[in-house]
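Q: I'm new to this one. Can you walk me through it?

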Amino acid sequence: MLSNPDRAQTSSSPVIPPSMQSSSSPASSYLRAARGEKLAVPPVWLMRQAGRYLPEYLEFRAKHDFLEVCNVPELACEATLQPIRRFRFDAAILFSDILVPLVPMGIDLSFGKGHGPQIANPVRTVEDVTKLRNIEPRESLGNVLNAIRMIRAELPRQTALIGFCGAPFTLSAYMVEGGKPDPFANLKRMMYADRHTFDALLNKLADMVASYLTAMVEAGADAIQLFDTWSGILPDWEFRVVNLPVLQKIFAALKPLNVPLTYFIHGGAHLVGAMKDTGCTVASLDWRVSIPEARRVLGDNITLQGNLDATVLLADEQTIRRETRRVKEEGRTGGHIFNLGHGILPITPIASVEIMLDELRKN
Ligand code: CP3
């Protein structure tokens, strides 16, 4: 159980109209909801909110390579701010990728046109794991940290800035498979046949993740999110044996920073109970998870984030409004940050995002 004194005071209080909120609450509605406050209108941001559904992003990307945008602070800053300017989201998420910190560790990463990430030197043996460098993010990821400083200086005060990283299991999936991990044959072979190497890899990644996220908060990130996209392939018992110890290590290291710690799993409806044991303070749910059920399992001390199905934004106006209202209503019983259940799809019409926001922001 978390013992956040702010949350203990606010978790069972009724919805407070913004005009009556105490001036001592942090101004950011994202931070307030993350700390468990119930708000009449939940804060909203969208996973992959800077991306190919935005015409201004497509225009910008025509001039710059993806990894160039990640590595040049001015470019990362511009991409981060594009969706904030257009939609006034309550949180900005740093423009980068979960695979970026693997490059200084020694991973040869590229993003080819139309076919996701590719790794030319997959990690398969204990020697491969030993060769991975232990990095000091303040030195080898200084460009990302400078982007955070620049973005924080540009953002309105009430807009929270989220720093992020991939969780060790998900990063290891890309590293071992050499790209898009599905169907996970090499990864699971290592997990079952060479557990020592697998554990060494996860622990090496956990050290990187904890120090990188700490450096992001020091640089100005107001909150962090850990993406564990692929851990939903594990059953609950195995998640607890293989993955939970490194997650607990990471969140315990970050707890003294006193910022919201969000944990996301894709396809993890069976792992909601285990999410509680990670030490996260916000659980980011995909669209298959029932919010009332997650609230029952996770209790009042964990804020819920999510979980509109991203494909609803491809539907007609009535459906978008109905589903947005449903998720908003379901979230009302506690701290809730409105988001999608996974990243926004590149084919999403801008008008659909506007309809969703219009419905959500009605008091
Ligand atoms: O959310 C944001 O707007 C912030 C930036 C962000 C990106 N990737 C930018 C990106 C974040 C938080 C991520 C996380 C990420 N990256 C995850 C975890 C979340 C999830 O989606 O499950 C994963 C698994 C990756 C790995 C990754 N990066 C893949 C599989 C791909 C290719 C698929 C695709 O969407 O093209 C990427 C590329 C990527 N990362 C793009 C963006 C905007 C598209 C690159 C482009 O502009 O062509």
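Q: Where does proline 183 sit?
A: Proline 183 is in the loop between H10 and helix H11 (185–193). Keep in mind that this is a predicted model.

Q: What is the peptide bond from aspartate 182 to proline 183, cis or trans?
A: It is cis, with omega near 10°. Most peptide bonds are trans.

Q: Which other peptide bond is cis?
A: The bond from glycine 306 to asparagine 307 is cis too, with omega near -15°. Asparagine 307 belongs to strand E8, residues 303–308.

Q: Is phenylalanine 184 buried or exposed?
A: Buried. Its relative accessibility is 6%, and the cut-off for buried is under 20%.

Q: What about asparagine 258, what is its phi?
A: Near 60°, again a positive value in a residue other than glycine. Asparagine 258 is in the loop between H13 and strand E6 (261–265).

Q: And is asparagine 258 buried or exposed?
A: Exposed. Asparagine 258 has a relative accessible area of 60%, and exposed means over 50%.

Q: Let's turn to H10. How many of its residues are buried?
A: 10 of its 10 residues, so the helix counts as mostly covered. H10 runs over residues 168–177. Among the buried ones are Phe169, Thr170, Tyr174 and Glu177.

Q: What comes just after H10?
A: Glycine 178, which takes a positive phi of about 85°.

Q: Which residues does serine 231 contact, leaving aside neighbours within four places in sequence?
A: Phe169 and Thr170, plus Phe239, Asn243, Tyr263, Ile265 and Leu271. Phe169 and Thr170 are among the buried residues of H10.

Q: Where is serine 231 itself?
A: In the loop between strand E5 (223–228) and helix H13 (236–254). Serine 231 is buried, at a relative accessible area of 0%.

Q: Another serine now. Where is serine 211?
A: Serine 211 is in helix H12, residues 195–219. At 22% relative accessibility, serine 211 is partly exposed. That label covers values between the under 20% cut-off for buried and the over 50% cut-off for exposed.

Q: What does serine 211 contact, neighbours within four places aside?
A: Ile135, Pro137 and Arg138. Serine 211 and arginine 138 are 73 residues apart along the chain, and their C-alpha atoms are separated by 9.0 Å.

Q: Zooming out, how many helices and strands are there?
A: The chain has 17 helices and 9 strands. Its radius of gyration is 20 Å, close to the 21 Å that the globule rule gives for 363 residues, so the chain is as compact as a globular protein of that length.

Q: What share of the residues is buried?
A: Buried residues make up 59% of the 363.

Q: Last topic, confidence. What is the mean pLDDT?
A: The mean is 93, and 93% of the residues reach 70 or more. Over residues 1–25, though, the pLDDT is below 50. That stretch still has 33 contacts in the model beyond near neighbours in sequence.

Q: How should low pLDDT be read?
A: Where pLDDT is low, the predicted coordinates should not be read in detail.

Key: Residues are numbered from 1 along each chain as its sequence is written. This is a predicted model: local features need pLDDT of at least 70, side-chain atom pairs count only at pLDDT 80 or more; totals for chains, interfaces and linings use all residues. Side-chain values use heavy atoms; hydrogens and water are left out. Helices (H or I, at least four residues) and strands (E, at least two) are DSSP runs, numbered from the N terminus. The radius of gyration is taken over C-alpha atoms; the globule rule is 2.2 Å times the number of residues to the power 0.38. Buried means under 20% relative accessible area, exposed over 50%, partly exposed in between (1.4 Å probe, protein chains only). pLDDT is the predictor's confidence in each residue, from 0 to 100. Contact means heavy atoms within 4.5 Å.
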